[in-house]
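Keep the structure open while reading.

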Amino acid sequence: MEKTLLANPGTTASCPAAFAMPVSALPRTGSDPVLLKAPAPLGTVANSLRASDGQLQAKAPAKPPRTPSFELPDASERPPTYCELVPRVPCVQGTSLSQSCPEPEAPWWEAEEDEEEENRCFTRPQAEISFCPPDTSSCLLGPQNRPLEPQVLHTLRGLFLEHHPGSTALHLLLVDCQATGLLGVTRDQRGNMGVSSGLELLTLPHGRRLRLELLERHETLALAGSLAVLGCSGPLEERAAALRGLVELALALRPGAAGDLPGLAAVMGALLMPQVRGEHGVEEAGVRVTGKTGEEACAGLFSQVSRLEHTWRQLRRSHTEAALAFEQELKPLMRALDEGAGPCDPGEVALPHVAPMVRLLEGEEVAGPLDESCERLLRTLHGARHMARDAPKFRKVAAQRLRGFRPNPELREALTTGFLRRLLWGSRGAGAPRAERFGKFQRVLGVLSQRLEPDS
């Protein structure tokens with residue numbers, strides 16, 4: 001009976017005994033119908049299927065190794081399967097993603113500094129310290145550049161437009177903290193200067209180099225800010241928008257926001273510069289930039305040139321909120337800071353206003369009325385003592401403000417003192433004496449102001 005059934009395949013469906021023989025043992029040609037069978041496991045089908053010649057094979061052909069897009073853990077209880085899209089790889093016990101991928105190192109402004117002991121021994125200063133980064137290859141300026149290159153100014157304008165005032169304020173806070181020696185001070189630098197912070201070094205006799213560097217930085221930033229307005233040769237609305245941008249940056253730098261008071265003083269110095277502010281800024285700008293008052297300041301550093309009165313009127317019409325914030329909030333705040341009566345507590349302030357104290361220690365006269373000079377002198381010295389005492393608190397506040405911040409390398413470079421010096425005076429003029437450089441650039445700003453709004 002079995003022989004009859006095998007000889008006639010068409011009768012296999014009517015006999016139950018035929019199912020005892022494996023289906024894979026039946027010979028099949030291309031004209032024979034496909035034999036029905038029970039569902040087989042995935043591993044059996046995958047191992048017996050070969051699509052290249054349409055025949056049933058017991059082993060899959062060899063394939064070149066491929067890198068899997070993802071991996072499956074090894075399952076010993078399941079039969080091995082052949083699938084070139086999801087190859088099985090052995091599972092490594094005890095290995096996690098956090099162990100295989102090391103965490104990136106924190107930037108230097110987030111690194112924990114060694115806490116100094118309260119009763120540390122006195123260390124004799126070894127040399128004058130400078131916190132300005134060394135001159136390296138610039139990504140914005142070539143090895144040799146001319147003053148105020150138009151292409152570089154256009155690039156800088158695009159950079160500042162890409163970043164909102166809050167981001168620019170954090171960039172400026174980072175650079176100011178480095179220039180002041182509040183963050184990023186190495187152990188060797190602390191040993192050479194004898195103290196742990198640049199705020200302490202400013203009050204000591206061997207901190208003169210740092211004081212001169214901070215004075216130059218303050219004046220250079222003020223000149224660069226005024227250039228952002230006076231360099232706008234387009235319509236009146238463009239200059240008014242530049243003024244609004246400076247006002248918004250000053251608001252982002254004030255106490256309670258970024259808390260960068262040296263940056264705030266530089267931006268306000270640009271807004272109150274006579275070439276920008278007009279007759280209303282003559283007295284204020286002279287006091288802020290030179291420490292002198294009225295006609296004495298204007299006859300020396302500033303020249304009597306045409307003022308941008310039309311631009312300020314346009315600011316009041318088009319950007320009323322910015323104009324009100326400048327008049328009612330920023331100007332009184334800056335006046336109080338210059339007099340030593342403004343906010344200076346760590347917490348709302350990350351970097352205190354050091355310009356009055358630096359000018360006083362460098363021998364400049366105390367600005368303001370003569371009958372108030374003694375009180376202002378005492379307030380300035382009292383504030384300098386508190387700055388040096390609270391230097392660790394300011395460091396913690398600044399590090400907290402900058403935690404998680406990742407600066408733009410180009411914008412960060414554009415705010416350094418070395419870059420601004422080369423931008424304003426060129427690679428050759430950057431090494432000229434300070435008084436000569438600032439005198440020439442003031443005349444340049446006077447010419448630009450005359451072109452924008454000539455004398456009537």
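Helix axes here are lines fitted to C-alpha atoms over the stretch in contact, and angles between N-to-C directions run from 0 to 180 degrees. The model is predicted. Two packed helices are described by the angle between their axes and the distance between the axes.

**Helix H5 against helix H9**

- Helix H5 spans residues 165-180 and helix H9 spans residues 236-253; their axes come within 8 Å.
- The two axes cross at roughly 60°.
- Angles from 65 to 115 degrees count as roughly perpendicular and those under 35 as roughly parallel, so H5 and H9 are oblique to each other.
- The crossing of H5 and H9 is right-handed.
- H5 contributes Pro165, Gly166, Thr168, Ala169 and Leu172 to the contact.
- H9 answers with Glu248, Leu249, Ala252 and Leu253.
- By class, the residues of the H5 and H9 contact are six nonpolar, two polar and one charged.

**Helix H10 against helix H15**

- Helix H10 (residues 261-271) packs on helix H15 (residues 320-338) at an angle of about 120°.
- Their axes lie 11 Å apart.
- H10 and H15 are therefore also oblique to each other.
- H10 passes H15 in a left-handed crossing.
- On H10, the contact residues are Leu261, Leu264, Ala265, Met268 and Leu271.
- On H15, they are Phe326, Leu330, Lys331, Leu333, Met334 and Leu337.
- This contact of H10 with H15 holds 10 nonpolar residues, no polar ones and one charged.

**Nonpolar core**

- The largest nonpolar core has 91 residues.
- Leu264, Met268, Leu271 and Phe419 have the most contacts inside this core.
- Helix H8 (residues 208-230) supplies the largest share of the core, 10 residues.
- Leu264, Met268 and Leu271 also belong to the H10 side of the contact with H15.
- Which residues does Leu271 touch, not counting those up to four places away in sequence?
- Leu271 touches Leu243, Leu246, Val247, Val276, Arg277, Trp312 and Phe326.
- Of these, Phe326 is one of the H15 residues in the contact with H10.

**Loop residue Gly368**

- Gly368 sits in the loop between helix H16 (355-361) and helix H17 (373-389).
- Is Gly368 buried or partly exposed?
- Its relative accessibility is 30%, so Gly368 counts as partly exposed.
- The C-alpha atoms of Gly368 and Asp338 are separated by 9.6 Å.
- Along the chain, Gly368 and Asp338 are 30 residues apart.

Key
Residues are numbered from 1 along each chain as its sequence is written. This is a predicted model: local features need pLDDT of at least 70, side-chain atom pairs count only at pLDDT 80 or more; totals for chains, interfaces and linings use all residues. Side-chain values use heavy atoms; hydrogens and water are left out. A nonpolar core is a set of buried Ala, Val, Leu, Ile, Met, Phe, Trp, Tyr and Cys residues joined through side-chain atoms within 4.5 Å. Buried means under 20% relative accessible area, exposed over 50%, partly exposed in between (1.4 Å probe, protein chains only). Helices (H or I, at least four residues) and strands (E, at least two) are DSSP runs, numbered from the N terminus. Contact means heavy atoms within 4.5 Å. Angles under 35 degrees count as roughly parallel, over 145 as roughly antiparallel, 65 to 115 as roughly perpendicular and the rest as oblique. A crossing is left-handed if the near helix is turned anticlockwise from the far one by less than a right angle, and right-handed if clockwise. Ala, Val, Leu, Ile, Met, Phe, Trp, Tyr, Cys and Pro count as nonpolar, Asp, Glu, Lys and Arg as charged, and the others, Gly among them, as polar.
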